Amino acid sequence: MELIVDSVSKKYKGDFYGLRDLSLTIQTGVLGLLGPNGAGKSTLMRILSTIIQPTAGKVSWNGIDITENPNAVRGILGYLPQDFGVYPHLNAVEFLEYLAAIRGLDHRIARKRIDELLYLLNLHEVRKKPLNSLSGGMKQRVGIAQALLNDPKLLIVDEPTVGLDPEERIRFRNLLSELSGDRIVILSTHIVSDIEASATDIAIVNNGRLVVQADQSKILAASVGKVWEWLLPSDTWMEVRKQLVVSSTIQSSEGVRVRVIADIQPSAESHLVTPTLEDAYLYYMSANKQETTS
Ligand SMILES: Nc1ncnc2c1ncn2[C@@H]1O[C@H](COP(=O)(O)OP(=O)(O)OP(=O)(O)O)[C@@H](O)[C@H]1O
Ligand SMILES: [Mg+2]
């Protein structure tokens with residue numbers, strides 16, 4: 001299974017590009033897509049889901065150009081859009097049965113599948129309640145269920161964990177790992193820890209361009225020797241923070257414990273620490289900013 005994004009650009013109004021000359025090779029497993037607001041993640045996912053067409057470049061699924069033959073992928077595709085809306089007066093069962101029928105799934109197979117998904121997503125108890133009476137996180141889980149209706153070989157989920165409470169977020173992570181066997185899963189998020197456990201590959205996007213695509217260990221390795229920690233008095237902290245890329249701070253009675261991304265030692269008291277994926281993300285983003293502004 002292979003999805004190839006080949007020099008894809010998407011031009012929106014005027015001269016504005018949502019994506020610019022972006023290439024990716026995606027194989028079986030989970031690809032975590034990271035990037036700030038407006039980076040182009042949803043634009044890319046809409047193109048991969050054949051909802052919109054790129055202005056230039058092409059996307060191929062197992063050698064077939066899906067920008068020209070979108071039907072080659074639609075039957076095996078599951079997609080959760082970022083702005084997923086539900087039919088407010090239907091309940092979860094009615095809604096999922098309706099979508100299954102539209103997608104041409106056999107009624108009996110669909111009923112069984114819907115029942116499984118309702119259990120899998122912890123929705124069984126609320127399955128008969130109108131969707132507009134469910135909480136945000138429950139609606140989001142109905143959205144995840146609809147993306148899984150046809151047991152898709154290509155699953156694209158755009159910020160699926162938004163609104164999920166910590167317990168449901170962990171359930172979702174585990175579900176992703178279980179699902180990732182024989183399919184491609186593409187997942188975008190702002191919460192780096194959501195993909196730390198499940199993503200085989202990571203792609204970072206910024207300003208419509210690819211910053212890096214690599215497996216997690218390579219991404220982490222790039223920031224080894226660049227993450228520093230030290231404790232400094234609270235009053236001096238306000239001064240130094242302006243010049244630093246700060247990963248985290250913890251206030252204590254002794255002062256502020258800071259974690260900083262820097263190529264060279266930022267202070268004589270600072271010592272190197274093992275990077276997390278969040279540190280590595282900040283490292284790539286700050287290096288990318290320096291590159292684009294110099
Ligand atoms: N339909 C559209 N028309 C014009 N501009 C658009 C359209 N959709 C997206 N854009 C612009 O393209 C850029 C990329 O948007 P996109 O939604 O792909 O980003 P994103 O990475 O998904 O951001 P977020 O993290 O906020 O969801 C943004 O500047 C956005 O304003
Ligand atoms: Mg988005």
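Trainee: Is Arg113 buried or exposed, and what is its relative accessible area?

Mentor: Arg113 is buried, a class that means under 20% relative accessible area, with exposed over 50% and partly exposed in between (1.4 Å probe, protein chains only). The model is predicted: local features need pLDDT of at least 70 and side-chain atom pairs count only at pLDDT 80 or more, while totals for chains, interfaces and linings use all residues. Residues are numbered from 1 along each chain as its sequence is written, chains are lettered from A and ligands numbered from 1 in the order in which they are written, and side-chain values use heavy atoms, without hydrogens and water. For Arg113 the relative accessible area is 18%.

Trainee: Which residue meets Arg113 in a salt bridge?

Mentor: Side chains of opposite charge can pair when their charged atoms come close. A salt bridge (a side-chain nitrogen of Lys or Arg within 4 Å of a carboxyl oxygen of Asp or Glu) holds Arg113 at 4.0 Å, N to O, from its partner. The pair links distant parts of the chain, 38 residues apart, with Arg113 in helix H4 (residues 107-120) and the partner in the loop between H5 and strand E7 (154-158); helices (H or I, at least four residues) and strands (E, at least two) are DSSP runs, numbered from the N terminus. That partner is partly exposed at 41% relative accessibility, and its name is Asp151.

Trainee: Which residue pairs with Arg171 in a salt bridge?

Mentor: The N to O distance of this bridge is 3.6 Å. Both residues lie in helix H6 (residues 166-179), three residues apart, about one turn of the helix. The partner of Arg171 is Glu168.

Trainee: How many residues apart are Asp194 and Arg173, whose side chains meet in a salt bridge?

Mentor: The bridge between Asp194 and Arg173 has an N to O distance of 3.6 Å. Asp194 belongs to helix H7 (residues 192-196) and Arg173 to helix H6, so the two distant parts of the chain are linked. Asp194 is buried, at a relative accessible area of 3%.

Trainee: Which side chain joins that of Gln146 in a polar contact?

Mentor: Gln146 is found in helix H5 (residues 136-147) and counts as buried at 3% relative accessibility. A polar atom of its side chain lies 3.0 Å from the backbone oxygen of Tyr79. The contact in question spans 2.7 Å, and the side chain is that of Arg103.

Trainee: How far apart in space are Val256 and Pro54, C-alpha to C-alpha?

Mentor: Val256 has its place in strand E13 (residues 255-261) and is buried, at 1% relative accessibility. Pro54 is 202 residues from Val256 in sequence, and the distance in space is 47 Å.

Technical notes:
Polar contact = N/O pair within 3.5 Å; in protein donor to acceptor, adjacent residues only side chain to side chain.
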